[in-house]
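Please read the points with the model open.

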Amino acid sequence: MTSASIARPIARAPSRRQRSGAVVRAAAATAAAPGCTRVKIDELKSTCSNAIMGQGYDAEETRAIMEVLMYAQLRGNNQGIIKVTTNGLARAADAVPMKVDTETALSAHIDGGKQQGMLVLNKATEMALEKAKANGFGIAGTCNTSTSTGALGYYCKKIADEGLIAIAMAQSPEFVAPTGSKQAIFGTNPIGVGIPSKRGSMVLDMATSAYSWFGLLEARTAGRSIPEGAAQDKNGVMTTDPNEALEGGAIRPFDGGYKSSNLSLVVELLSGPLVGAAINNKLSTKNWGNLIFAIDPKLLGNANFEEEAAFVLNRVKNAEKQPGVNEIYLPGERGDAIAAKNEAAGEIDVESNLWNNLKKLSDEFKAK
């Protein structure tokens, strides 16, 4: 099958946020969406925290993990609490303390010691940020983790809100087939970018795949189909059944063509071999990689970067619209709006099966 033959159905698919089938929906009404339970945000946080501590994390580790999960959850991003019930946080029995094994004034490499991925990438983010503040540039790579790092936008926003540029990449096991292949080789290989500006930080967070791995797990949990063109079965034939994609199939690159496939390849190289992560059999090797940069815009001599960045963003935001278009959205704006609505309401829709599973894990922890 050629790239041209598979690109067309994907091009007609809904937007990434629509495709994700996210568990959370921005509902201003009190009634829960179909198949969901309306949950107080505070109750969701306490229930999830109990469920996470039940997997062996202490209070401080749980707080750090919850920050990343709730950043995504409130925004309708499927990098949220679904991870708690689907082994996304499973603590390795052989985990040891993470360690910085190589460091310079500008760089650091962290051996994650099989610790939870969010904790390790948080440490890498802090180190890159500190180095960039001191020297104008900081880069940190991590390896030897085998659990999710969550939404890259969380880490990029942390850097951008400090007035620095952020770029983050993450490698994961073989979930995505390169264009033209029926074999999964790439991870979903997301990219995050944070840009400071006088109108606020712009945060891009996107997978290079047509669908996320945890989106497939969400769809299976909820008994939903997935969009046509997002995944294929074990024979390389397009499927809308998440089970067929999960059981020997593969997710496809986001445009079904070589541009997205090649972008995924770049992420694979920079957050895989560059940082000492696995390059084959990544799921069983349990050695996944991440890479994050922090850059001071003043490094190149432009003291007006944030003002000029805001000018460009405003040009895009206020560009002449096509017929039928009410608003042009910048990266992250939809998620920010969803988060603001959910926080104002103080409650959120959670898929009912997921909520029941979370409560069960929470109850098991409290019964110990």
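Leaving aside its neighbours within four places in sequence, with which residues is Ala-51 in contact?

1. Basis of the note. This is a predicted model, in which local features need pLDDT of at least 70 and side-chain atom pairs count only at pLDDT 80 or more, while totals for chains, interfaces and linings use all residues. Residues are numbered from 1 along each chain as its sequence is written, and side-chain values use heavy atoms, with hydrogens and water left out.

2. Ala-51. Beyond the neighbours within four places in sequence, Ala-51 is in contact (heavy atoms within 4.5 Å) with Val-84, Leu-358, Leu-361 and Ser-362. Ala-51 belongs to helix 3, residues 41-53; helices (H or I, at least four residues) and strands (E, at least two) are DSSP runs numbered from the N terminus. Ala-51 counts as buried because its relative accessibility is 2%, where buried means under 20% relative accessible area, exposed over 50% and partly exposed in between, with a 1.4 Å probe and protein chains only.

3. Helix 14. Helix 14 (residues 352-366) has 15 residues and reaches 21 Å from its first C-alpha to its last, close to the 21 Å expected at 1.5 Å a residue; the expected span is 1.5 Å times one less than the number of residues.

4. Helix 13. The 13 residues of helix 13 (residues 333-345) should span 18 Å at 1.5 Å a residue, and the end C-alpha atoms are 18 Å apart, which agrees. Buried in this helix are Glu-333, Gly-335, Ile-338, Ala-339 and Asn-342. Just after helix 13, Gly-346 takes a positive phi of about 75°.

5. Aromatic rings. There are four aromatic pairs in the structure; rings of Phe, Tyr and Trp (its six-membered ring) pair if their centres lie within 6.5 Å, and planes under 30 degrees apart count as stacked, over 60 as edge-to-face and the rest as tilted. Phe-175 and Trp-213 are stacked, because their ring centres are 3.9 Å apart and their planes lie at 5°. Phe-175 is in the loop between strand 5 (165-170) and strand 6 (191-195) and Trp-213 is in helix 8 (residues 213-222), so the pair ties together parts that are 38 residues apart in sequence. Phe-175 is buried at 12% relative accessible area, whereas Trp-213, at 22%, counts as partly exposed. Tyr-71, Tyr-154 and Tyr-155 form one aromatic cluster.

6. Backbone angles. Most residues other than glycine have a negative phi. Lys-114, in the loop between strand 3 (107-111) and helix 6 (117-135), has a positive phi of about 70°. Lys-286, in the loop between helix 11 (282-285) and strand 11 (288-295), has a positive phi of about 55°. With 43% relative accessibility, Lys-286 counts as partly exposed.
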